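Trainee: I'd like to go through this model with you, term by term. Where do we start?

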Amino acid sequence: MDVTVVGSGNGGLATAFDFALHGHAVRLFDTEHFPDHVAEVAAAGGIHGTGELEGFAEIAYAGHDAETALGGADLVVLVGPAYSTDHQARVVAPHLVPGQAVLVCPASCAGAIAFKRAVGLALDDETITVGETSTLPYAVRITAPGRINVFHKLSGGVYVAGLPRSGTDRLLSMIQDVYPAAQAADSVLQTTLQNGNPVIHPAVTMLNAALIERTGGGFLFYEEGVTEGVGRVIEAVDLERLAIAESLGVSLLSEPALGVAQGYMLEENYSTGYSTAPGFLGIGAQSRLDHRYLTEDVGYSLVFLTDLARRIGVPTPTMEALITMASIVLARDLRTEGSRTLATLGLDELSVNELAAL
């Protein structure tokens, strides 16, 4: 299969590496704003991996020419944070052809909906199969240009949904050899709500804000950053998320249960489950507060989740508190910015029943 990976960050390199290891012809694309890793991959002819996934994977093309990268691709995988989805969509849009498939990995926050809106496709359009995953299937960090260390590849708990739902089976069949743990989700609401990043990252970041600023991230995010008190905040956010899902008729796993299913964690609890998790060992904290753990997981995901919660009448005081505190420490009004809301996604006119039927 011909696969194009759009995005050359941690997840993009891991995705390209893994698909290539499984024998697919992989092309890696990113815009000229992100030249370093693309250039190194092009020069080396591939990507070096260590950790759970080791070796060297040949990459057929790495560069900034979208036409070359996307031409003839069976599957296009967009890999990046929520704030990259619209831009990536606009870049690839002129080069998409009927019959292709596009997977937003991870959804982060309604990624498939955001993609379709950005490229001008109706949500029920099936000309191009569009869908999303609930999470990035790796804990991974770039160690040098063109080199990655994979701390963990998920052993379960990876959900895939098409938009519309009729595309789910096709997307699942295209990635099943690379992600045998992947399973069909009921809808893109399930994949979006099952994403655990906004449950974990903002709570740990905000309650370690002074340590992050003082040390420049010189501590282990999970092992040292999660204590009993931090765990109680994670749990409070998770309970609000589960209440949103229940109100919409969406079946979700709790965040610790998901972590166990994915192979990250051994215990289903909100404190030592994270601080002693084998899949999180050795992962350092971010070097600054102005980081996607707040700009994405709060500015996009929690803002969207609270907007959705208001529509369906579910109280989310802990999420609201984290949005307020993150806005203060970043000196930005993330709530007013409204980077990802029902309105920005074109969903503000839908009834609760219509939202649940997406």
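Mentor: Start with contact, which means heavy atoms within 4.5 Å. By that rule V233, A236, V237, E240, R241 and I244 in helix 10 meet P317, T318, M319 and L322 in helix 15. Keep in mind that this is a predicted model: local features need pLDDT of at least 70, side-chain atom pairs count only at pLDDT 80 or more, and totals for chains, interfaces and linings use all residues. Residues are numbered from 1 along each chain as its sequence is written, and side-chain values use heavy atoms, leaving out hydrogens and water.

Trainee: Why are helix 10 and helix 15 called oblique to each other?

Mentor: Their axes cross at roughly 120°. Under 35 degrees is roughly parallel, over 145 roughly antiparallel, 65 to 115 roughly perpendicular, and the rest is oblique. Helix 10 and helix 15 are therefore oblique.

Trainee: What makes the length of helix 15 close to the expected one?

Mentor: The expected span is 1.5 Å times one less than the number of residues. Helix 15 has 14 residues and reaches 20 Å from first C-alpha to last, close to the 20 Å expected.

Trainee: Which residues of helix 15 are buried?

Mentor: Buried means under 20% relative accessible area (1.4 Å probe, protein chains only). T318, M319, L322, I323, A326, S327 and L330 are the buried ones in helix 15. Their cover includes helix 8, helix 10, helix 13, helix 14 and helix 16.

Trainee: How do you know that strand 2 and strand 5 pair?

Mentor: Pairing takes at least two bridges found by DSSP. Strand 2 and strand 5 are joined by 3 bridges and run parallel.

How values were computed:
Axes fitted to C-alpha atoms, helices over the stretch in contact; angles between N-to-C directions. Helix = DSSP H or I, 4+ residues; strand = E, 2+ residues; numbered from the N terminus. Buried < 20%, exposed > 50% of the residue type's maximum accessible area, 1.4 Å probe, protein only.
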